[in-house]
Amino acid sequence: RKANVVLETRQLAMKIFEDYTVSWYWIIIGLVIAMVASLIFIVLLRFLAGIMVWVMIVMVILVLGYGIFHCYMEYAKLKGEAGSEVSLKDLGFQTDLRVYLHLRQTWLAFMIILCVVEVVIVLLLIFLRKRILIAIALIKEASRAIGHIMMSLLFPLCTFFLLCLCIAYWASTAVFLSTSNEAVYKVFNETACQFSGQTCDPETFSTSNVTKLCPDAQCLFAFYGGETAYHKYLIVFQFFNIFMFFWLANFVIALGQVTLAGAFASYYWAFKKPDDMPAFPLFSAFSRALRYHTGSLAFGSLILAIVQVIRVALEYLDHRLKAADNKLAKFLLSCLKCCFWCLEKFIKFLNRNAYIMIAVYGTNFCTSARNAFFLLMRNIIRVAVLDKVTDFLFFLGKLLIVGSVGILAFFFFTQRIKLVQDTAPSLNYYWVPILTVIVGSYLIAHGFFSVYFFLLFLCFLEDLERNDGSAEKPYFMSPDLKKLLKKTNKGQPDA
């Protein structure tokens with residue numbers, strides 16, 4: 001049975017590979033459509049933020065409604081068909097995933113999930129409707145900033161390129177470590193043999209005594225390595241390589257975050273926008289980050305890398321303890337994994353806000369992290385509402401783009417669009433390119449919208465705390481935000 005599972009898995013992998021070979025260019029076209037849609041969405045958001053947000057909310061509700069309707073139609077169409085009433089539990093695991101689409105229970109589960117998501121979104125919109133207006137004002141301000149710093153939309157590509165270099169360096173080093181020294185060969189024999197498992201030399205194996213005592217024995221490759229102290233501690237070098245990868249990757253991400261934060265801070269703290277902004281804000285912020293803040297970025301990345309490599313070590317221990325029967329050790333290991341997962345999330349949140357304070361004030365990492373943390377704690381209600389509402393709205397934007405592109409890919413690859421019915425490739429599993437397009441579209445939309453995550457929120461909070469609207473301390477926020485919050489600059493005209 002195990003051999004059959006291996007063979008079926010191999011056949012499934014080969015069919016998936018074949019689907020990629022005949023549909024890769026259509027997948028790229030789908031990803032380009034997602035990229036263009038994300039870019040158009042952000043550009044339109046600058047001029048029609050309020051309308052776009054409400055249209056986006058309505059469109060997401062309609063897309064989910066169509067999904068519920070489609071699942072219901074498929075559920076009703078399968079009524080009375082042979083084999084459609086079989087439950088998922090009775091069917092078990094099938095390598096041909098198309099079998100599940102012929103079951104009524106599958107479409108019923110999809111419909112229930114979509115209904116729950118629809119109800120949750122509607123309830124959130126009802127309870128947060130008043131805060132959405134403030135979130136729209138922040139989005140408008142961020143859209144104006146992007147309008148003056150259009151290169152910020154392409155800057156994530158630079159971060160992506162640097163991350164690819166880090167991945168290539170880590171992968172090549174890991175391969176060199178794994179294949180270091182000479183190959184080790186061992187004796188393999190199907191019948192009982194006293195030499196089984198011992199090392200051997202393939203060049204002299206045919207003339208050795210082993211073949212005389214065990215005629216069916218073979219000298220086969222086992223692994224790369226040896227018995228020296230270097231090979232005994234090779235796992236330590238691999239962990240060090242993983243640690244360096246996490247450190248470099250986190251440093252690259254931190255560099256991108258502080259660069260974007262510095263560029264948009266130069267927009268927010270310019271009283272006369274855009275006259276008081278530098279000529280090339282993104283380049284200026286990148287130069288400042290490399291010249292003055294490299295140590296702070298490296299220190300913040302080091303803390304995060306240590307936590308991440310500890311999580312990797314815990315996963316490695318969990319893998320080694322799978323065959324053990326010590327339930328207490330497994331419980332403690334699960335608790336440690338949960339705690340370090342929470343710690344990693346907290347450090348990422350703290351680092352992100354610390355980098356914004358570094359870009360604004362130029363202070364070191366510890367001072368910036370402390371100031372950012374206490375600033376957020378003093379405005380915990382506003383942070384919990386406005387920031388999360390804004391994140392939720394952009395999540396809806398990503399959901400709209402991913403859902404639209406996913407539906408388009410579904411109709412195309414299932415040959416339901418009559419105009420291009422003959423153009424669509426013939427596939428073993430049409431869900432392979434559809435899932436690839438959906439995941440790729442989400443990553444692209446997240447890459448575009450992630451620019452907003454580091455925009456003006458901390459600057460907005462700092463502006464409210466530090467200034468009072470007097471001639472000596474005027475507000476730097478936009479007139480729309482001042483009007484919404486009932487704030488005025490008494491000593492000077494608004495920018």
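Predicted model: local features only at pLDDT ≥ 70, side-chain atom pairs only at ≥ 80, totals over all residues.
Tutor: Helices here are DSSP runs of H or I with at least four residues, numbered from the N terminus. Residues are numbered from 1 along each chain as its sequence is written, and side-chain values use heavy atoms, with hydrogens and water left out. Local features need pLDDT of at least 70 and side-chain atom pairs count only at pLDDT 80 or more, whereas totals for chains, interfaces and linings use all residues.

Student: Which residues of α13 and α16 meet?

Tutor: With contact meaning heavy atoms within 4.5 Å, A372, L375, L376 and R378 in α13 meet L458, L461, E462 and E465 in α16. The residues of this contact divide into 5 nonpolar, no polar and 3 charged, where Ala, Val, Leu, Ile, Met, Phe, Trp, Tyr, Cys and Pro count as nonpolar, Asp, Glu, Lys and Arg as charged, and the others, Gly among them, as polar.

Student: What makes α9 and α11 oblique to each other?

Tutor: Helix α9 (residues 234-268) and helix α11 (residues 294-320) pack at about 140°, with their axes 7 Å apart, and they are therefore oblique to each other. By class, their contact has 20 nonpolar, 4 polar and no charged residues.

Student: Why are α2 and α5 oblique to each other?

Tutor: The axes of α2 and helix α5 (residues 129-148) come within 9 Å and cross at roughly 125°, so the pair is oblique. The contact is made by A49, G50, V53 and W54 of α2 and I132, I136, I139 and K140 of α5.

Student: How do you know which residues line the second largest pocket?

Tutor: On a 1 Å grid over the protein atoms alone, a pocket is an open set of points where a 1.4 Å probe fits, with protein on both sides within 12 Å along at least five of seven lines, and lining residues have an atom within 4 Å of a point. The second largest pocket is lined by 27 residues, of which F110, L114, F410, I434 and I438 lie nearest its centre. α14 gives the most to this lining, with 8 residues.

Note on methods:
Helix = DSSP H or I, 4+ residues; strand = E, 2+ residues; numbered from the N terminus. Axes fitted to C-alpha atoms, helices over the stretch in contact; angles between N-to-C directions. Parallel < 35°, antiparallel > 145°, perpendicular 65-115°, else oblique.
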